[in-house]
Amino acid sequence: MTNPAPMIEVTQLDKFYGTFHALKNINLHVDQGEKVVICGPSGSGKSTLIRCFNGLEWHNSGRLVIDGIEVYEGAKDIRELRQEVGMVFQQFNLFPHLTVLENLMIGPMKVRKISKAQAEETARKYLDRVHIPEQADKYPAQLSGGQQQRVAIARSLCMETRIMLFDEPTSALDPEMINEVLDVMVELAGTGMTMVVVTHEMGFARKVADTMVFMEAGQIVEISPPEQFFTNPSSERCRLFLDQILEH
Amino acid sequence: MQDFLKKLKWPDYVIVAVLIAFFGYIWFAIEGTLNYKWRWELIPGYIIGWHSGREEYFANLLLQGLVATVRISIYSGILALLLGTILGVARCSANLTIRMLARTYLEFLRNVPPVVVVFIFFFFLSQQLIDALNLERWARGIARQEDNQIWTFFFGEMRRFPSLISGVIVLALFESAFVGEIVRAGIQSIPKGQREAARSIGMSRLQELRYVVLPQAMKKVVPPLANQFISLIKDSSILSLISVQELTYKTVELVASSRMIFEAWITTAAFYFVVCFGLSRIFARLEKRSDKR
């Protein structure tokens, strides 16, 4: 196999909030189909980084190219980019005034302009994929947290995206619901989707990740394959962090 | 009733006694010193009059005024909702110029007394608009037509159409600022995550507003909007100053011609009260019902 074109290419990216230096000289390379798990203490810039990937935040300098589209503030093709890049949020962010099915259909219908019948077919297909076809006509508030997050995953999938970003998808869930969401994500990984996941679920990371990224204070401290990352991380910081979260 | 009386304590009786004394004094002042002659029996005739020549009932001054007030309130309510929504959206715009314009308009209305605002809008805006569109001639044309019942049903006496329209415009412009604030609060009450989710599936700002933010915001702003509509009905009395022939104007007319100061104003107050209080009860009930769902 020849090396495929990179899906995400980050070069010397910097981001400031006022005078606060949120991301410092980030360099990252994600191939098509690659699964990257980003971890690190809170406030280290993990979420900010992946929010830059679909233009929810803008970087101040450096270069960010996603699936051949250069991302910068005011880019004309940013909406095309967002259709290629799905995002799953910590707080689900489902549309509470729409049913589950409508939540899944509104993107394809209004953004991609496909027909209602076709949108419904796609929506049902992906509801099946996340194992909750029977909840189609309920409102988000009637579902458990785990079910809501699965609907949110399906909503992104309905846009037939090529990349999926996960911003701490299980952090707001009750413990007994975490696995149902992780299972769906493992299955999704099996389909060859390019995934960038911010999470502290190290079991999931071990199972799925091709590359582990450790961030601290706005910098990438370590990028390594999971075998090395979990057994023999090269930086002391990373070792300490892992000790802390793997203790239990 | 029995339970109610049992709940009363001695301070309640004191309060009631003071109130009785107060109103008794006013009553005494009117009866004794003013030598006022009450003529309540004439009031019904000024609501619905009897035309002895044509042998039929007709809507007299007070009812005419009430109907005009209802018409003006409904039309300017709709117009204020439209303008207010635009203004509310403009207040949340990403564009600084648009935001500042909306803010300026709002601050002007908040910090200038309503009566002054009404005169300014009347002379500078609605009067010019009516002249420019030549509404005066057009309305007189319709008034002369034979078959103008539909027009009359919606707008009353067509010769007064320009005055009605300028009343509607002035009141709508005035209320739109407050509607705008309510809409803005509604929009800003929608969590940021909703907008981000909409954007992350590729929606444009307009789609984000139309399919995600406004439907949720509108549901939240219905109760305050209902209250604002009641305020609008009350504020419509200011229009009497620019000779719009609504309830307050008609009452002034009635008082001038019949000298029934107290009866006329009490009746008018009762009209406003019944309409506004009735609406507020209906809105409260509707709100309770939609909460249950």
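Modeller: What follows goes from the chain to the helix pair, then to a loop residue and the chain contact.

This is a predicted model, in which local features need pLDDT of at least 70, side-chain atom pairs count only at pLDDT 80 or more, and totals for chains, interfaces and linings use all residues. Residues are numbered from 1 along each chain as its sequence is written, while chains are lettered from A and ligands numbered from 1 in the order in which they are written.

Start with chain B. Its secondary structure comes to 13 helices and two strands (DSSP runs numbered from the N terminus: helices are H or I with at least four residues, strands are E with at least two). The radius of gyration of chain B is 24 Å, well over the 19 Å that the globule rule gives for 293 residues, so chain B is more spread out than a compact globule. That radius is taken over C-alpha atoms, and the rule is 2.2 Å times the number of residues to the power 0.38. Along the principal axes, the C-alpha atoms of chain B fill a box of roughly 75 × 65 × 35 Å. Buried residues make up 30% of the 293 residues in chain B. Buried means 20 or more other C-beta atoms within 10 Å of a residue's own, exposed means 12 or fewer, and partly exposed is in between, with C-beta atoms placed from the backbone.

Now the pair. Helix α4 (residues 61-91) and helix α11 (residues 205-235) of chain B pack at about 145°, with axes 11 Å apart. Axes are lines fitted to C-alpha atoms over the stretch in contact, and angles run from 0 to 180 degrees between N-to-C directions. From α4(B), the contact takes T69(B), S73(B), S76(B), G77(B), A80(B) and V89(B). From α11(B) come L209(B), F229(B), L232(B) and I233(B). Residues are in contact if their C-beta atoms, placed from the backbone, lie within 7 Å. By class, this contact has six nonpolar, four polar and no charged residues. Ala, Val, Leu, Ile, Met, Phe, Trp, Tyr, Cys and Pro count as nonpolar; Asp, Glu, Lys and Arg as charged; the others, Gly among them, as polar.

Next, a loop. N134(B) sits between α6 (114-133) and α7 (135-144) of chain B. Its phi is near 60°, a positive value in a residue other than glycine. N134(B) is exposed, with 10 other C-beta atoms within 10 Å.

Last, the chain contact. It takes 18 residues from chain A and 16 residues from chain B.

Note on methods: Contact = placed C-beta atoms within 7 Å.
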